[in-house]
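Dear colleague,

Please find below the structure for your review. My notes on it follow directly after.

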Amino acid sequence: MTKPQPARARNEPTTTDRCYNCRRRRLRCDRSYPSCHKCSINGEQCLGYGLVLRWANGPATRGKLAPGIQPPVSPSGSGQEAMVQFAGASVPAPTSICLSLVDPLLNHLNRESRYYINHFATTVCRDLVSIDQDGRNPFRAMIPLMGTFDFLEAVVIATSAMHLATLHRYRGVPAGVELLDSLVAKDRAIRLLGSAIGRASPLNQAMVLAAIVFFVNLDLIDSGKGGWKAHIEAAGTLISSLQRGGQRLGSSITYLADAMAADCLTYRILGSTISSVGFIADSIQDGVDVLAVLQRAEAHSYHCCPPPILQIILSTSRLCAPGAAEIEAGTDRIVIALSLLHQARALDVRGWVHKIRGLSAHDELEVRVKLAAAHRAAACLYILLAVPEAQSAPPFSELESVVGEILDSLSSVPVGHVLLKGTVWPTFMAGAQTNDILRRAWCADRLYTVWTESPWVCPWGYVQTAMQMLQDIWAARDHVSSIHSELGTTNWLQGLRDIRSNCLIV
């Protein structure tokens, strides 16, 4: 006689059930109860394990209201129903509803523009933060402000259209319409921004700064080779002014301004490591407390680089700039570089991660620790390449060991993890330095994986640019070594700066 099995709770999922989101996306579900752990990490509302009911065609399908409702149309031609999130809830995209029923914010927009804003709200915003927490994404919080600031609306549409164009190009789908829409919206945003810069109110300055960050993101999505440097240089005075007048902004706008300023500063600092460094010394105003700005937004930054490490990288770039103040004061450059190296080594990355405020309760802190350790080691490598004289001082004489430290940390970040998008810069630094064939292959494969397989980031063009730059660096170095083997390893970083590389690798 068999034993009776214990009764199962009515709403508890069976071992074969997946939550609605995982079933729809054909993902493996961890079947956590009452909500899926994977949904929590993604910043989504888990819709549970039962049957999900939704309106088939809006609020009414019969009667007098029926003629005013259009069937859902996907402008991308994918045949899937477009969805948009407002106030944390998923609703049909405004492109499928008549004008009398949409949010007033979108009343003046045509169908294509609404679709781009929907794509921005549901997909692009997710790419721009470390983990997309429900109700705490500063980029999605910009959407209600677009009705007041027309230049912000235009640059958001341009960014979203370029995002779709890049995604379609990667999938082999013609992207002419999206690319044209992006260029048209970008041109309109530039014209509108030109007339808005003269308005001196703190709120207007904060929105201009946000628009500048979107322009940089647009360049990164395209290829990372655009006019990002000019945009970044233009933001220095704005950030300084906002810091002085921040008390005149409300808390919600200050939160948005901090997030935009932190992203802009991060782009400046990491951009200074690859491109010519002359611009960095003057473009960040002396009145800006860089470390404080970066710390206020560290929970959202998708780079996951500790602010003290970014501060050390900035100090190194300033040290290498022509006429650096420290050199004029008679301070030995090697002494400064070694001091920066010891500061980086002394940073407790685990302690930093556990002190970050505002992280999701489901955030995987150990992955953040590994990413922070990779950035710390990559910063040390940058110091040694930017100030080659420091390589003579032990224990920093063996650069390949620093490369190994970077790769050991990066290899602990799972390929399918949401934070994989924060590994591009340290992977590029390690790959460009190493002479080991297996390590080169690993770096190339990891960048290719970020570009093609990561579900958390569109195949942004700058990642493909980084892959091509690595191939060019390796080819040039191997060519020199085959002709002049006695020269040893060349300094690839100095070579990039000599040719005034204009690529942004973040």
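Trp 492 touches Ile 274, Leu 385, Phe 428, Met 429, Ala 432, Gln 433, Ile 473 and Arg 477, if its neighbours within four places in sequence are left aside. Please note that this is a predicted model.

Trp 492 also belongs to the largest nonpolar core, a set of 151 residues, where Phe 151, Leu 152 and Trp 492 have the most contacts inside the core. Helix α15 (residues 365-386) supplies the largest share of this core, with 16 residues. Another core lies apart from it and has seven residues, including Cys 36, Cys 39, Cys 46 and Tyr 49.

The side chain of His 163 makes a polar contact of 3.0 Å with the side chain of His 119. Beyond four places in sequence, the residues in contact with His 163 are His 119, Thr 123, Val 124, Asp 127, Ile 221, Cys 458 and Trp 460.

The packing of α4 against helix α5 (residues 176-196) was also examined: the angle is about 155°, and the axes lie 7 Å apart. Because angles over 145 degrees count as roughly antiparallel, α4 and α5 are therefore roughly antiparallel to each other. The crossing of α4 past α5 is left-handed.

Yours sincerely

Note on methods:
Residues numbered from 1 in each chain as written. Predicted model: local features only at pLDDT ≥ 70, side-chain atom pairs only at ≥ 80, totals over all residues. Heavy atoms only, no water. Polar contact = N/O pair within 3.5 Å; in protein donor to acceptor, adjacent residues only side chain to side chain. Contact = heavy atoms within 4.5 Å. Core = buried A, V, L, I, M, F, W, Y, C linked by side-chain atoms within 4.5 Å. Buried < 20%, exposed > 50% of the residue type's maximum accessible area, 1.4 Å probe, protein only. Helix = DSSP H or I, 4+ residues; strand = E, 2+ residues; numbered from the N terminus. Axes fitted to C-alpha atoms, helices over the stretch in contact; angles between N-to-C directions. Parallel < 35°, antiparallel > 145°, perpendicular 65-115°, else oblique. Left-handed = near helix turned anticlockwise from the far one by under 90°.
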